[in-house]
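Good morning, and thank you for joining this group meeting.

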Amino acid sequence: MTSLNRTDSGIQAGRAPLAQPLALIAVVLVLSFFFANVEIQIEGSHGWATSLPTWRIEHHWLLDIFWGSRPMTGYHAWVFPFMAIFFHFPLVFAWTWSWRLEARVIACIMMFWLSEDFLWFVLNPAFGLARFSPEFVPWHIHWFWLAPVDYWTMSTAGILLMIWSYRGSGRLFPKA
């Protein structure tokens with residue numbers, strides 16, 4: 001399959017090595033800003049869908065392994081795969097795929113959820129940055145330093161995937 005960076009689409013390869021990755025990150029951050037606001041309108045002061053009319057699985061050993069011990073809700077069971085499909089849409093639209101593009105998509109999904117979650121707290125009038133701590137956020141069970149453990153693990157994995165996805169493309173840390 002071909003790369004999304006084709007000259008027939010009007011995109012010039014190799015001109016500004018950081019332009020495309022920075023534009024990609026900017027768009028992901030804008031998407032997270034909008035979706036955080038949507039979730040604030042949906043959930044209000046009741047995070048993790050605690051007051052939504054949806055099913056919940058509070059405790060299960062698989063939630064401990066894959067979900068950070070948070071409850072699984074019907075809301076999250078639908079919104080997470082929806083966003084994964086949404087981020088894969090450009091690959092289907094351009095009819096292209098590679099392991100590097102898949103890594104980039106996964107990195108963008110991680111970046112989206114991390115920034116969306118953080119912005120939910122910052123922008124939510126019921127929370128704000130002052131209430132971004134374990135005593136006010138019971139659905140983030142595991143914390144390290146100033147943030148949930150998920151923020152640290154997913155940001156590290158996302159950064160590594162993003163860097164790897166651009167290696168050898170002439171952009172963002174080219175091979176020596």
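Predicted model: local features only at pLDDT ≥ 70, side-chain atom pairs only at ≥ 80, totals over all residues.

I begin with R56, which counts as partly exposed because its relative accessibility is 27%. Let me define these words: buried means under 20% relative accessible area, exposed means over 50%, and partly exposed lies in between, with a 1.4 Å probe and protein chains only. E58 is likewise partly exposed, at a relative accessible area of 38%. The side chains of R56 and E58 meet in a salt bridge, at 2.8 Å from N to O. A salt bridge here is a side-chain nitrogen of Lys or Arg within 4 Å of a carboxyl oxygen of Asp or Glu. Side chains of opposite charge can pair when their charged atoms come close.

Residues are numbered from 1 along each chain as its sequence is written, and side-chain values use heavy atoms, with hydrogens and water left out.

How many salt bridges does a search of the whole structure find? The search finds 2. Besides the pair already described, R70 forms a salt bridge with D150, and the closest N and O atoms are 2.7 Å apart. R70 lies in the loop between α2 (61-66) and β2 (72-73), while D150 is in helix α5, so the pair ties together parts that are 80 residues apart in sequence. R70 is buried, with a relative accessible area of 10%, and D150 also counts as buried, at 19%.

Now the overall fold. The protein chain has 5 helices and 4 strands, and along the sequence they follow the pattern α-β-α-β-α-α-β-β-α. Helices (H or I, at least four residues) and strands (E, at least two) are DSSP runs, numbered from the N terminus. Of the 176 residues in the protein chain, 38% are buried. Among contacts between residues at least 6 apart in sequence, 60% join residues at least 24 apart; contact means heavy atoms within 4.5 Å.

Helix α4 itself has 25 residues and reaches 35 Å from its first C-alpha to its last, close to the 36 Å expected at 1.5 Å a residue. The expected span is 1.5 Å times one less than the number of residues. Most of α4 is covered, as 19 of its 25 residues are buried.

Next, the surface. A nonpolar patch of about 610 Å² is made by V30, F33, F34, F118, V122, L123 and L129. The elements giving two or more residues to this patch are α1 (19-43) and α4 (99-123). Patches are made of residues with over 30% relative accessible area and no salt bridge: like charges are joined within 9 Å, and nonpolar side chains (Val, Leu, Ile, Met, Phe, Trp, Tyr) within 5 Å. Accessible areas come from the Shrake-Rupley method with a 1.4 Å probe; for residues, only the protein chains shown count as cover. V30 is found in helix α1 and is partly exposed, at 45%.

Finally, I point to two tryptophans. W55 is in the loop between α1 and β1 (56-57) and counts as partly exposed, at 44% relative accessibility. Not counting residues up to four places away in sequence, W55 touches M72, T73, G74 and A77. The C-alpha atoms of W55 and T73 are separated by 5.5 Å, although these residues are 18 apart along the chain. W95 lies in the loop between α3 and α4 and is exposed, with a relative accessible area of 65%. W95 is not a glycine, yet it has a positive phi of about 50°. Thank you for your attention.
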